[in-house]
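Reader: I'd like a close look at just one part of this model, please. Pick a packing spot and walk me through who touches whom.

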Amino acid sequence: MHTLFHLLGVSAGILIVGSILLYAIETPNENSEISTILDAIWWTAATVTTVGYGDVVPVTVLGRIVGIIFMFTGISILGIFISALGA
């Protein structure tokens, strides 16, 4: 049970860090669809949970690299969560 709470804390931390990081990277670009911190939170949550709606996407190269990192992070967290539930 402790593992699930730790995983929840790590997930919340990743959501916060990812949102702030993407907001800082994308907002200086005038073509960016991510113009508010709520847009960044939405994008990070959709990406980490592997939903990936595609309604908001990063337009900078660095933003897309961060996106790839968060995609793999989300898959890893999901795998750990499922393993913890199975154990």
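**Around helix α3**

Author: Start with α1 and α3: on the α1 side, Thr3, Leu4, Leu7, Ser11, Ile14, Gly18, Leu21, Leu22, Ile25 and Glu26 make the contact (heavy atoms within 4.5 Å). Facing them from α3 are Leu62, Gly63, Val66, Phe70, Thr73, Ile77, Ile80, Phe81, Ala84 and Leu85. Sorted by class, this α1 and α3 contact has 14 nonpolar residues, five polar and one charged (Ala, Val, Leu, Ile, Met, Phe, Trp, Tyr, Cys and Pro are nonpolar; Asp, Glu, Lys and Arg charged; the others, Gly among them, polar).

Keep in mind that this is a predicted model, where local features need pLDDT of at least 70, side-chain atom pairs count only at pLDDT 80 or more, and totals for chains, interfaces and linings use all residues. Residues are numbered from 1 along each chain as its sequence is written, and side-chain values use heavy atoms, with hydrogens and water left out.

Now the geometry. Helix α1 covers residues 2-26 and helix α3 residues 61-86; their axes sit 11 Å apart, at an angle of about 170° (lines fitted to C-alpha atoms over the stretch in contact, with angles from 0 to 180 degrees between N-to-C directions). So α1 runs roughly antiparallel to α3 (an angle over 145 degrees).

Helix α2, residues 37-48, also meets α3: the two axes come within 8 Å and cross at roughly 45°. By class, the α2 and α3 contact splits into five nonpolar residues, three polar and no charged.

Stepping back, the chain has three helices and zero strands (DSSP runs numbered from the N terminus: H or I of at least four residues for helices, E of at least two for strands). Along the sequence that reads α-α-α, and the C-alpha trace spans about 50 × 20 × 15 Å along its principal axes.

Notes. Parallel < 35°, antiparallel > 145°, perpendicular 65-115°, else oblique.
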